[in-house]
Each structure stands twice: as structure tokens, then as C-alpha cells.
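Hi,

Here is the structure I promised to pass on. Have a look at it first, and my notes follow below.

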Amino acid sequence: MKFAGSHILSVSQFDREAIERVFSIANQMLPYAKRQKRTNVLEGAILGNLFFEPSTRTRVSFGSAFNLLGGDVRETTGMSNSALAKGESLYDTARVLSGYSDIIAMRHPASGSVAEFAEGSRVPVINGGDGANEHPTQALLDLYTIEKELTFHGSHIDGMHIAMIGDLKYGRTVHSLSKLLCLFKNIRFTLISPRELAMPQAVIDAIENAGHRYTITDQLEGHLDADICYQTRIQEERFPSQQEANLFRGKFRLNQDIYTKHFQSKTVIMHPLPRDSRAEANELDNDLNLNPNLAIFRQTDNGVLVRMALFALTLGVQDIIHKFDHPVHWHVRP
Ligand code: CP
């Protein structure tokens with residue numbers, strides 16, 4: 001895979017070699033993310049950070065990652081604050097904003113919209129989530145986290161058992177992660193969701209074609225002995241109505257009591273976040289916060305490393321970052 005100057009729109013662009021390249025650069029980003037040193041390798045470069053749908057961690061971690069490499073960030077948030085609300089096309093928006101930026105990260109509620117935008121862009125575009133379709137950078141940071149967590153427990157991605165739980169229909173992170181896992185060997189998938197929110201057939205076909213085993217169920221009980229348990233939120237914003245989303249909220253709650261009774265003692269719990277902490281949902285209870293195998297905040301920290309790596313590779317500076325190193329003068333928490 002050629003990174004320099006390329007758009008990153010889908011996980012289907014990646015092979016194992018490309019993933020290993022991203023992870024190797026991400027590992028080198030740790031001292032910068034931990035503020036042990038800083039680099040200004042991207043000084044003068046501008047990230048256009050365009051989020052036409054709500055986001056906390058993807059938007060801010062893209063911005064932080066770019067700042068940590070020494071670049072500047074210009075943002076627009078929300079459809080109503082952009083000229084898209086006045087009928088401007090994605091193509092025109094891309095032509096204009098790519099004149100103001102060296103690279104663009106974008107989220108939009110419509111499937112395929114980021115690829116459409118990229119056609120009009122003169123600079124690389126990174127997909128920060130397009131509707132229910134894909135979230136490739138989330139999948140990469142999830143996979144990076146899975147590799148780190150399994151290595152800690154003395155095992156590997158090849159041969160692992162992953163349980164995916166919740167809204168597998170509209171949850172784009174599980175679509176992208178499943179497709180990336182198709183590049184690995186002998187994985188066992190347990191797909192737990194209400195029947196109405198089952199994993200799309202195209203993803204199941206990809207899992208099957210990769211030679212992986214899978215179980216589809218609407219029951220938690222008897223299915224939680226996985227190496228990785230990947231919980232998801234009911235994606236209420238993609239349902240035809242709130243009433244319909246309400247039918248599924250809180251169906252698959254996980255808490256420490258369930259963990260103790262049904263999980264392996266080393267099962268890693270993941271969630272792309274945000275978790276819905278309202279009482280009627282509470283899919284991942286706060287009583288898991290002290291469980292050492294809860295990896296959700298390691299995922300969010302890893303997101304900065306992976307996004308830094310993608311910026312460095314896409315802008316072609318991955319091999320010269322250290323040449324622009326500077327010391328850090330402020331107090332850094334260990
Ligand atoms: N995981 C994720 O995409 O979170 P945000 O919606 O906060 O960006």
C-alpha cells in the first residue's frame with residue numbers, strides 16, 4: 001500500500017504489511033504523545049478537521065495528533081455551521097477546503113460521503129466515519145489495542161476468539177474491525193445482537209470467505225468466554241425513530257458481576273465509546289472501571305498514536321520526525 005499522498009477511506013485498502021507499518025510508526029509516537037519530547041516536523045502544515053456529525057474522541061484526537069506533530073488545525077463542526085446547509089455540494093466543499101489544507105479528516109452522516117468528498121479534494125482525505133458504513137481509523141486503533149492487550153496476556157490475534165455485542169447493524173466500528181480481522185487467520189467470531197440489529201450479510205460473507213468461524217446469537221449467556229469482548233452502543237442516531245431505538249436500549253448490559261460469573265479471568269473488554277451511561281442503557285457499567293482488563297481508555301489513548309502514524313505516513317514524514325525533536329519544558333505527569 002502506498003501511503004504518501006493517498007486518501008484513507010476504507011479498511012479494504014490495507015493488507016497486513018500496511019497494518020504492521022502503521023503500528024510500527026505508532027509505537028514510535030509514544031514519547032511524543034506522552035510529552036517526553038516534542039517534534040515540529042509538520043510545522044506550517046494545516047489539517048482541515050471537518051466533522052458534520054457529533055464526535056468527541058475522533059475529532060479531538062485527530063486534532064491533537066496533528067498538533068503533536070507540530071501542525072495547525074482548522075475545524076468546522078456540525079452541518080448547520082457549514083455551507084452544506086446552503087446547498088453546496090460535497091465536491092465544491094472539497095475543492096474549496098483542500099485549497100486551505102494540506103490534509104483533511106472528515107466525518108459525515110451519509111455512507112459513501114467521505115469517498116465522494118475525496119473525489120473533489122486536491123489533498124489526502126481521511127475517513128473519520130461515514131454513516132453506518134466505515135470508521136477505518138477506529139478499526140486500526142482497535143486492532144492496535146487488541147494486539148497490545150493480547151501480547152500482554154501472552155497470545156495473538158491469529159487464533160483469537162472475539163465476541164461483538166450490541167448494535168452490529170448500524171455500528172460502523174464493528175464493520176471495519178471485522179473486515180480488518182479478515183486479514184488474519186483462524187479467528188472465532190461470536191456475534192451477539194438482537195435479530196433486528198444483526199451484522200450485515202456482506203460482513204458475514206467476508207468473515208466466511210476468510211475461513212473464520214462464527215456464531216450468530218441474540219443471547220449473552222453462554223457466549224462470553226472470549227479473549228476480546230467488544231461491546232457497542234445502540235446507534236440511536238441511525239434509527240428511523242427514537243421509539244425504535246428505545247426497544248433495544250439496555251438489552252445487553254455488562255457489569256463486574258457478569259464479568260466475574262461468565263468471562264475468562266483475562267477477557268479484555270473493549271468499546272469504541274461513547275458508552276451510553278444513561279440508566280436505561282448502561283451497556284458498560286461504571287463498576288468495571290477498576291477492572292484491569294477494561295481497555296476502553298487504552299483504546300482512546302492509542303487513537304492518538306495511530307492517527308499520528310497515519311498523518312506521518314500520508315504526508316511522507318515518517319522517517320524524519322526525530323530530526324525535528326525538541327525538549328518539553330512544562331511539567332509532565334508520569
Ligand atoms: N469512537 C468514536 O468514533 O467516538 P466519537 O464519536 O466521540 O468520535
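Into which domains is the chain divided? There are domain 1 (11-134 + 303-327) and domain 2 (136-297), with bounds that come from an automatic or database domain assignment. Taken over C-alpha atoms, their centres are 26 Å apart. Domain 1 puts 27 residues into the contact and domain 2 puts in 24, where contact means heavy atoms within 4.5 Å.

Before you go further: this is a predicted model, where local features need pLDDT of at least 70 and side-chain atom pairs count only at pLDDT 80 or more, while totals for chains, interfaces and linings use all residues. Residues are numbered from 1 along each chain as its sequence is written, and side-chain values use heavy atoms, with hydrogens and water left out.

Now the ligand. Around it sit S55, T56, R57, T58, R107, H135, Q138, P272 and L273 (a heavy atom within 4 Å counts as near). Both domain 1 and domain 2 supply at least three residues of that shell.

As for polar contacts (pairs of N or O atoms within 3.5 Å), R107 has a polar side-chain atom 2.9 Å from a ligand oxygen. H135 also places a polar side-chain atom 2.9 Å from an oxygen of the ligand. At L273, a polar backbone atom lies 2.9 Å from a ligand nitrogen. On its own the ligand has 260 Å² of accessible area, and the protein covers 92% of that (Shrake-Rupley method, 1.4 Å probe).

Cheers

Note on methods. Polar contact = N/O pair within 3.5 Å; in protein donor to acceptor, adjacent residues only side chain to side chain.
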